[in-house]
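Look at the sequence and the structure first, then read the points below.

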Amino acid sequence: MAEPAPTADVPATTADVPATTADVPLATKAVRVFRHGGPEELRYDDYPLDPLGPSDVLVRVDTASVSGWDLKYRSGGLSGARHPGRKPVVLPQQLGREASGIVVAAGAAVTRFAEGDRVVAVVHPENPYSPETLRGLGNLSGGIEIPGHQALGSYAAYLVRDENLWLPVPDGVDLEQAAVTLWPYGTSHRLLHDRLRLTLGQTLLITGASGGMGEATVRLARLMGARVAVTTRHPDKVDGLRALDPDEVVVTSDLPAAARRIREWTGGLGVDHAVDYSGDVELIRLGLDVLRLGGTLCPASGNQRQPGPLPITASDLTRLEPSVVGVRGARHRDALAALDLLARGRIRTRIAARFPLAQASEAHALLETSTDLVGRVVLKP
Ligand SMILES: NC(=O)c1ccc[n+]([C@@H]2O[C@H](COP(=O)([O-])OP(=O)(O)OC[C@H]3O[C@@H](n4cnc5c(N)ncnc54)[C@H](OP(=O)(O)O)[C@@H]3O)[C@@H](O)[C@H]2O)c1
């Protein structure tokens with residue numbers, strides 16, 4: 001599969017270059033946030049579309065996703081958070097990091113796509129001139145705006161974006177599956193290969209595994225030959241989690257009992273790696289408490305639910321000699337690896353609920369309050 005040209009090589013968007021198709025809409029149905037708050041702050045309306053520039057494609061959206069990040073953006077949980085080298089997130093914001101769809105028009109200088117092509121949005125664009133990209137860390141590159149973060153996201157019927165912000169969807173791959181693959185599987189690929197260096201037969205604990213990140217990490221770790229245990233606070237999620245095919249599911253309503261169960265599962269040794277997607281201090285601590293001597297802990301939730309430092313002491317670091325690592329998104333090569341696995345039928349994602357775009361508020365409310373939901377929630381414009 002052709003790798004897209006670097007984003008920073010793209011000429012500036014201009015309005016005066018004609019598209020290959022005359023019927024380019026001037027506005028689109030979309031969902032934006034003008035004020036932080038609950039799901040009711042998502043505003044479904046008509047919004048102007050950017051004019052189609054020479055290197056842009058106009059895409060009719062098939063699927064956009066709702067993620068844990070979207071809830072944090074909407075509620076204001078990420079206001080003030082800065083990613084070094086990147087602009088802050090400002091309101092109004094059009095949410096949505098993931099999307100797939102069909103190209104309906106292409107700017108005059110577009111070389112990679114034509115009308116009718118099936119495409120999936122690049123979730124982690126890389127700036128080729130950033131020092132981090134040159135160091136092999138394109139996921140951390142600065143000087144770039146991420147759609148759904150600083151730039152317009154995918155909660156829309158139509159999107160105008162540079163051609164380098166799209167990848168072709170391989171033949172035979174479902175558009176909905178493509179939309180929900182690159183972010184969680186790309187990030188999990190980077191996490192397991194590069195941050196944890198997971199090897200055959202190792203044990204991995206995932207706390208807070210019922211969202212897209214948990215599922216992707218379970219499936220990828222199993223493909224890599226690891227043994228995987230997942231946790232949930234809700235007994236009603238156990239069956240849904242079992243369907244992801246982990247080796248063990250543990251309910252964490254009684255934390256000491258959960259820790260005992262996980263230790264038993266490893267024959268008393270403790271797990272080689274513990275990843276947390278919940279952001280809950282007690283679950284991060286659980287990961288450390290059941291870690292094998294010299295194991296690796298990755299608090300990967302992006303932020304912590306309870307303010308304050310990580311629940312780790314200097315004494316923990318000496319007694320247990322753990323490695324504590326972070327992960328922020330995926331490099332372009334991780335996204336391509338994920339798309340390749342999808343094309344070969346090795347991975348898939350459980351879709352838990354579908355909502356029309358107009359019901360984005362209901363989709364957010366479901367994700368926020370459900371006690372039995374396992375899998376992704378998607379929007380269908
Ligand atoms: N580091 C990165 O590069 C990266 C990339 C993408 C996403 N993320 C982050 O990874 C996390 C997972 O994202 P996601 O979309 O897969 O899932 P998500 O919907 O954000 O939920 C993850 C888990 O959090 C737990 N949870 C929810 N509310 C909780 C609460 N109040 N207290 C304790 N646990 C709670 C749930 O576990 P239960 O089963 O117990 O309900 C759920 O399984 C998010 O925080 C997201 O921001 C990080």
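Eleven of the 14 residues of helix H4 are buried, so H4 is largely enclosed by the rest of the structure. Buried means under 20% relative accessible area, exposed means over 50%, and partly exposed lies in between (1.4 Å probe, protein chains only). Helices (H or I, at least four residues) and strands (E, at least two) are DSSP runs, numbered from the N terminus.

This is a predicted model: local features need pLDDT of at least 70, side-chain atom pairs count only at pLDDT 80 or more, and totals for chains, interfaces and linings use all residues. Residues are numbered from 1 along each chain as its sequence is written, and side-chain values use heavy atoms, with hydrogens and water left out.

**Helix H4**
- The buried residues of H4 include Trp 183, Tyr 185, His 189 and Arg 190.
- Just after H4, Arg 197 takes a positive phi of about 50°.

**Around the ligand**
- The ligand is surrounded by 24 residues. A residue counts as near if one of its heavy atoms lies within 4 Å of the molecule.
- The closest are Lys 72, Ser 210, Thr 232, Lys 237 and Gly 329.
- Thr 232 places a polar side-chain atom 2.6 Å from an oxygen atom of the ligand. For Met 213, a polar backbone atom is 2.8 Å from a ligand oxygen.
- Trp 69 has a polar side-chain atom 3.4 Å from a nitrogen atom of the ligand.
- On its own, the ligand has 910 Å² of accessible area, and the protein covers 86% of that. Accessible areas come from the Shrake-Rupley method with a 1.4 Å probe; for residues, only the protein chains shown count as cover.
- Helices H1 (68-75), H4 (182-195) and H5 (212-223) each give two or more residues to the shell. H1 gives the most, with three residues.
- The shell holds seven nonpolar, eleven polar and six charged residues. Ala, Val, Leu, Ile, Met, Phe, Trp, Tyr, Cys and Pro count as nonpolar, Asp, Glu, Lys and Arg as charged, and the others, Gly among them, as polar.

**Salt bridges**
- The structure holds 22 salt bridges. Each is a side-chain nitrogen of Lys or Arg within 4 Å of a carboxyl oxygen of Asp or Glu.
- Asp 272 pairs with Arg 292, with the closest N and O atoms 3.2 Å apart. Asp 272 lies in strand E11 and Arg 292 in strand E12, so the pair ties together parts that are 20 residues apart in sequence.
- Asp 272 is buried at 13% relative accessible area, whereas Arg 292 is partly exposed at 33%.
- Arg 285 and Asp 316 meet in a salt bridge at 2.7 Å, N to O. Arg 285 lies in helix H8 and Asp 316 in helix H9, so this pair ties together parts that are 31 residues apart in sequence.
- Asp 316 is buried, with a relative accessible area of 3%.
- Asp 316 also forms a salt bridge with Arg 319, at 2.8 Å between the closest N and O atoms. Both lie in H9, three residues apart, about one turn of the helix.
- Asp 62, Glu 176, Arg 354 and Lys 380 are linked in a salt-bridge network.

**A loop residue**
- Ser 370 sits in the loop between helix H11 (360-369) and strand E15 (376-380). Ser 370 counts as buried, at 15% relative accessibility.
- The side chain of Ser 370 makes a polar contact with the side chain of Asp 372, at 3.0 Å. A polar contact is a pair of N or O atoms within 3.5 Å; within protein, one must be able to donate a hydrogen and the other to accept it, and residues adjacent in sequence count only if both atoms are side-chain atoms.
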